[in-house]
Amino acid sequence: MLNKLKEMKNTEKAWYLGAFLAAVGLLAAAALSAANLLTAKPIAEAQKKSLNTALRQVLPEFDNDIGNDVLEVTAEDGSPVKFFIGRKNGKVTGVAVETSDMNGYSGEIASLCGILPDGSINLMLITRQNETPGLGSNVCQRKEQKTIFNVFKPSDSGIPGNVYLDQFKGLTAAYAGKKRSEEDSLTSPWLVKKDGGDMIYMTGATITSRAVARLAEKSVKTFEANRAKLLEDKK
Amino acid sequence: MSVFKEFTKGLWKENPVLVLLLGTCPTLAVTSSSLNGMGMGLATTFVLFGSNVVISLIAGIVPKKIRIPVYIIVIATFVTIIELLMRSYAPESLYNALGIFIPLIVVNCIVLGRAEAFASKNGVLSSAMDGLGMGIGFTLVLTFLGMIREFLSTGSLFDVKVVTAWTTDFLLPASAPGAFIIVGVLLAGMNYLNYRRAVKNHERYIPPQGLDCRHCHICRIIDNDKD
């Protein structure tokens, strides 16, 4: 058998070449399906774990199975929005809004925004982004800076701050902006200052800052539009 | 050549990045931090090792006409496996940072280059050693390059701030043009060291042999024998 295969090494017969490629492809497919079966569970677990960690960060305490307590709607601009409802003893403690914006500096930016029952933003996280490292990424990341002086010190609990993301804390859909003067023409308080709004932005990363501000606005406004459905108590 | 030499040649003498100049795309694209460079290098090492072993085993029976597609299938299988493994066990931040460059290992010249130039002509043991050595050489260069770029742009190494007073990021080394400049400096340094060593030992500077560089003659221009 092996010798026969070796003899066929220089063949140009199309049927043999095709059959050989098909056999190799089948073997590869078998190996891949085995690998897929083995990793399907760990991948699902890893995804669930990272989602859960993010939800615990943005929401106040909750004790329900939040991964299955979701509501999916379409926002005004047509993009999908997913709500994760956190409850404690059946009462809603907060809602996490997952949404994304396609107009970041390099494509999609996705956010997870924790909103309290009164409609104000608790904490905002950027879960997916591909912005310029050192510029746009600084607007998006909550990163604890380790230095050589505290490498081995366990990190203290609490979420690292980010001045661009923390500015949204406490804002509601009704936010009217800070009135700075009489002749101040605030087009919309949710725009960055450069565009006549109220949000601080990072110089050199205006596009990223705009996208983040849009995400915050979309999160609270979609929450407000679906408020009645989201805040229903459930046993 | 002994098996040990097959391993060590990838580290310095035939280093895939600095001597063979293969795999430049991931080298430049993902090394913006040391951890990303190391992750990419280790993933490529796994693929190189696996594909070299399998290809050296099947090289005897693969028809000559379709050897490249067969090699690509083998390599793609290993790449998909490492991608699944990374998604289940590697930190999410690393997987997100490497992103599209993991599937692109399939077309990494190092992997196909070693399959075609080495594994298809040598036994299993030396092919395995070759793959391991090349992969570790690749990892070392990527990590080193990532360390240089991360240090020059933010003053930190492996996400740990070394120069605490450094608060504003310097963006050139972290961007693609900076990567080209730093790789160029590394290449010049590597050539200089090899050249110096040859002069010291009163040898002729011989560019690496048997690399299958059929189209490239740059190595042969550098010649310290000026008689």
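Two residues count as in contact here if their C-beta atoms, placed from the backbone, lie within 7 Å. Keep that in mind for what follows. This is a predicted model.

I'll start with chain B. Take the contacts in chain B with a separation of 6 or more: 76% of them are between residues 24 or more positions apart. The chain has 9 helices and 2 strands. Of the 227 residues in chain B, 38% are buried.

Now one residue in that chain, B:Val162. Where is it? B:Val162 sits in the loop that links β2 (160-161) to α8 (176-200) of chain B. Another pair to look at is B:Val162 with B:Phe151, which are 11 residues apart in sequence and 8.3 Å apart from C-alpha to C-alpha.

That brings me to chain A, and its domains. Chain A is split into domain 1, residues 16-55, and domain 2, residues 59-230. Over C-alpha atoms, the centres of the two domains are 34 Å apart. How many residues are in contact between them? On the domain 1 side there are 4, and on the domain 2 side there are 8. The side of domain 1 that touches domain 2 consists of 3 nonpolar residues and 1 charged residue, with no polar ones.

Definitions and conventions. Residues are numbered from 1 along each chain as its sequence is written. Chains are lettered from A and ligands numbered from 1 in the order in which they are written. This is a predicted model: local features need pLDDT of at least 70, side-chain atom pairs count only at pLDDT 80 or more; totals for chains, interfaces and linings use all residues. Domain bounds come from an automatic or database domain assignment. Ala, Val, Leu, Ile, Met, Phe, Trp, Tyr, Cys and Pro count as nonpolar, Asp, Glu, Lys and Arg as charged, and the others, Gly among them, as polar. Helices (H or I, at least four residues) and strands (E, at least two) are DSSP runs, numbered from the N terminus. A residue is buried if 20 or more other C-beta atoms lie within 10 Å of its own, exposed if 12 or fewer, and partly exposed in between; C-beta atoms are placed from the backbone.
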